[in-house]
Amino acid sequence: MRPPFYGDFPPPSRPRDVKGGIRARSRRGAFGESWWARRWIAVLESFELGGRLQRGRSYARRGQVVSIAIGKGRVEALVQGSRETPYDVKLEVKTLPAPEWKRLAGVLAREARFAARLLAGEMPADVEDAFRGAGSSLFPQRRADLRTRCSCPDWSNPCKHIAAVYYLLGEEFDRDPFLIFRLRGLDRDELVGLLDRTAAATPAPPEAARAAPPIAPEPLPETPSGFWRGSDLPQGFLGEVEPPPVSAALLGRLGQFPFWRGRQPLLEAVAPIYGAASALGLDVFLGEVSRVAGRFRP
Amino acid sequence: MILLHVALVRGRLCLWGESAPEPVGRRPARARARARAVRRVKAAASPYDTEASRLSGALGDAVPGLSMAGAAAESLVAWLPSVAGEPLPSSPLLTAAGGARQDPAASDLKPWLVSTVPLSAAQAVLLLCACVERDTLAPGLVVSKDLAFWALVLRFAGALVARQRFLPGMVESDLGWRAQWTPVLDGADAQRRVRLAAAMPGACRALSPRAAAGPPEGTALEALDGALAMLVDQLVRTAAVSTPAAPESVDEAWLRALGTPDGDVVEREPAELARLAAAVREWRRPVAVSTDAPFRLCFRLEEPTGGDNSPTSWSVRYLLQGRRDPSLLIPAEKAWDGRSAERLLGDPAVREHLLGSLGQAAGLCPPVEQSLHAPAPSGYETDARGAHAFLTQSAAALEQAGFGVLLPSWWTGKGTRLRLGVRAQVRSPRLKESGGGVGLEQLVHVDWQVALGDEALTLAELRALARMKEPLVRVRGQWVHMTAEEIRAALDLWRRKASPAPMRDVLRIALGATTAIGPLPIEGIEAAGWVGDALARLEAQTGFQTLPPPAGLRATLRPYQQRGYSWLAFLRRWGLGACLADDMGLGKTVQTLGLLLAERERTAGGARPALVVCPTSVIGNWQREAERFTPGLSVLVHHGVGRGRGEAFRRAARENALVVTSYSLLLRDLEHFGGLEWSTVVLDEAQNIKNPETRQARSARALVAGHRIALTGTPVENNVGDLWSIMEFLNPGLLGTPAEFKRSFFIPIQAAHDAAATARLRRLSGPFILRRLKTDRSVIADLPEKMEMKVYCTLTREQASLYQAVLSDAEKVIARAEGIERKGVVLATLSKLKQVCNHPAQFLADNSPIPGRSGKLARLTEMIEEVMESGERALVFSQFAEMGAIVTAHLQEAFGREVLFLHGGVPRGARERMVERFQSGAEGPSVFVLSLKAGGTGLNLTAATHVFHFDRWWNPAVEAQATDRAFRIGQTRRVQVHKLVCLGTLEEKIDAMIESKRGVAEQVVGTGEGWLTELSTAELRQVLALRPEAVGVWGADAPPSSKSEAPDPLRRRAKV
């Protein structure tokens, strides 16, 4: 543990408590689980902020960040400090020009795995090499690639508020590898469009054709049999039903919730529900009336 | 009677009901007033409308756990097929019995006002769950098709929740934002949804708030989606434990609302809620992408085509598989080629989905990752080791992640898959001559042999295979998979070779209860000598010695009965419990009595007594049949108020050969039974213990017995859920513990329709169940074309006291009267007594309630249930039209199925239609009640295989003529005639008189019952007297309507 006063100016004061702020999932140690999230955080940590980094981490963990909004190349956030009104934090990342993106996409499209991994929610391992090979860089390199501002009185930039926002962004990288592209000026759909080699050859169908067709009204059957009986379905129509070997796999596929503002992470809170619901679902499926009724007893 | 309906309107399931309209004059003024009031909106009150309070009241009693307290009624418009200004009722149950209209050619949808009860989601779950696979919820509470459809939707919701196909979401409605668990429909589930919607009865969406808006126009799919979302949400919500802490953010408010009863996310800024909803959408995007895509990624393992073992020629191909049509398979190459002819492939979303899927699969199957270095990957090549890794590891992981996986048939085909296994060879030890029986503890020698398919492997071959260290080996042109573990276990067995084992283990292997030794499946068992003989006989249920019937048996056993009796004796010698499940009427009782008598004779009377436990309604039957067939067996009926207790009872029991008691007394007097050891315990109507957790099942298992027999007329072997309890009574441990049984049989069979598990269960339980049908070739030859049998019933206390009262009144009058007057009085008395025997409500003619007051009606209902379960049809004759009406109403209420009723007042056209419907195919009504006068002659009713004479016409010729309705030209099956007779009453006495002088009677009686009036007063007194066996049987214990013994209309029809 560091001593409470580290010699910076002004002396750190206790921030005001926030209810419902965004809390980092990380409880101790490093932020971000994926290499690309850590890579992003490494950029911040290379700025030698000293004690501000530690305080930024603790802000992020305490939920001092009230909100985060992300646009192309920019992030705006509100962070609660010791003053009454939260500070405005702005982060600007240098975007890459369109022609450069086009050139880079050409390189990435040579192997299916770049797009495949990204679409599956993962940053391809050697994406940076690919960028470097094309004479560019995915993550901000120099200090000039990253411009930060905060409305707090701290003269140091980045301050702890900026650091807190930065750390939380790092965690969102875990879930959404497209985030870095967005910060570099290209959103998900644009990127996927560029990576699709055949998109140029086949124009996308017009918007109207892709939208779901309007639902036509379906009059009630007028024959007594269709009205009262419907038609029969085969025995065993509902197929095999077994609780899955791995519980809450669907949740696992989605990953963490973006900028979750709760004391307990969402996945941790809802995962146990899956097991309990599964048991009840099986009882319902098997028609075990008394067991189902037992679950509904007040 | 109420026919229950449920329809979805404005996102809620609303309950409404149809019941028979009251005659116009008796319709309450209020209803008429309402009908006038609504004329303005052009919807009149439906004549079949059922008061909401009646609906709520009936349901609250019939559905476990359901509380309808505070349910608000709402009048809604139902659009119903109508003809000539009247709505058509949904079922003929509502028209006056038998007057069923045929579906008219043209009907229109017209609005009718009905009272509805909107159901909360929790109420809907409970109601629908109770309706699963049921025809009625309670007597008179009928589950109509639309309600049954929603019950199927609930099961679908249950299946989705069980398989964890749901995610938390945010839904906006008019009332604001709501936290909701939403179903995720993927692959086969998406197809099920479409097929369900197509099968939906129109009634499921026929309600609308107002008539002016016209009939509802929403689609079936919309209605289905609405209900499915609501039910899934409710199930998960119920399982979720609400977090009590006050929420600090909108995110936490949402999380919390996922576990609250209503799910509302309250008191939050709209902007915040919209932001959260967007975040939820963003979070769920990967799942939405895959469920919305028209294809899914599919992997196909292809084996080398060259034929020789070339090491790199296995391949895994990537394909797009249609979600709606899984047989549509498009190679990935085509998707990468933008000029492809497949129109759907032109959509960039398809390629995006394909790429994302590959990226995901790469994490589960490393070679896929490798293949992605190409710009347009279409698969990868591998060797035998790689193929094996794909088969044993990747395939399951990919399948679970939702990808399609197609594997070679030699791998997936369970029967044909060649693999290492073992065979057991059993040698029979020489038996000592002295012992009578061979028990399950007898030790025999077992040799183990390792085999591949049909061929035994030598040690050298086994070692050679072990040295190859290849998981996939090509043997005799087929790929064979073997693990190092299997080879180790096989070598181990080689070292052990022979070992002694008890017969119990051998039996378990032979019947498939034990299927593997370690990792090696047992492929077969061969047994030589007497062990082999015994196993073969047990499995085939033939070949065992046919025993001569016991000397004291006063009946000639038909050949199939002799086989059944010998089979029982064969299992008895092995100490194995037996379930005799012959069709009703084939004589289970006489076969059992024969066995009990034989045992008694073998032990020269020194044996312990046998115990028969049966429903109260058949105690009298056991008593009479034992008197008739096995007079050598002294019977003690343990029932009624005066029954013995404690040591007195035990002493009396030991002094008799046979004790007969009821299930309800087994419970109540268990302490008295406890101190006794029985030679045999027989459970009659053994389906009474089908639920293993009930006290009667536990009590039955607690009885100490040398041998156990279960009798039932229902196809018990088909009902997986019921089987365990009966087998556990017969042969404890054979089917494993309840948990083991549930895991290895119940869930695979009920939930997964696993044919192999079904076959295994049949093999395991089959040797202990003997079921012959009347239609079996081996049986039918032994049966006369017409079988007549008496069904002895008992009176309820109420019937007995009414009987006594009628008798006391009459005796005085008869003693004084003479001539014509005396004749009249005698005939009137006979008629009154018969009515009392039938039902108090018939005698009193007071419209009083029906259930639980007549022993005869209770027995008839039980027997009709068996007839219905076996898919047969029955005629029920009564000489009283009023009784016919009572029987008809009672059976309709009990089973929720239409019962035809023909009496003198039915016009000719209707009468012909009834006959036609009864004789027609599978959909027609299965029970036809007829008054003897109206239906006794002329009709051709050969669809019936059972004829019941509910009361007796003391003229055999009239009865025979009625019976012949079913037994006419065109009848190809055997017909059973059941004559119901109340024990200890005039019915039994007169029956006996007719039987004893049948020939005489036929001359004397002529056409009527007049001959009875010729009897002297003393004779008459004897005939009419009420004897003790008539009463007391119902005695102080439960009436026939008690839960344990009444026919269970709620019995589930879930079958294999």
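Domain bounds are taken from an automatic or database domain assignment. Keep in mind that this is a predicted model.

Q: Into which domains is chain A divided?
A: By that assignment, chain A has domain 1 (35-195) and domain 2 (240-298). Their centres, taken over C-alpha atoms, are separated by 34 Å. In the contact there are 6 residues from domain 1 of chain A and 4 residues from domain 2 of chain A.

Q: Which helix gives the most to the side of domain 1 of chain A that touches domain 2 of chain A?
A: That is helix H6 (residues 160-175) of chain A, with 4 residues.

Q: Which residues in H12(A) and H4(B) meet?
A: Among them are Leu280(A), Val284(A) and Phe285(A) in H12(A), and Leu154(B), Arg155(B) and Val161(B) in H4(B). By class, the residues of this helix contact are 9 nonpolar, 3 polar and 1 charged.

Q: How many residues does each chain bring to the contact of chain A with chain B?
A: Chain B brings 89 residues and chain A brings 83 residues. On the side of chain B that touches chain A, you'll find 50 nonpolar, 18 polar and 21 charged residues.

Note on methods:
Residues numbered from 1 in each chain as written. Chains lettered and ligands numbered in written order. Predicted model: local features only at pLDDT ≥ 70, side-chain atom pairs only at ≥ 80, totals over all residues. Contact = placed C-beta atoms within 7 Å. Nonpolar A, V, L, I, M, F, W, Y, C, P; charged D, E, K, R; others polar. Helix = DSSP H or I, 4+ residues; strand = E, 2+ residues; numbered from the N terminus.
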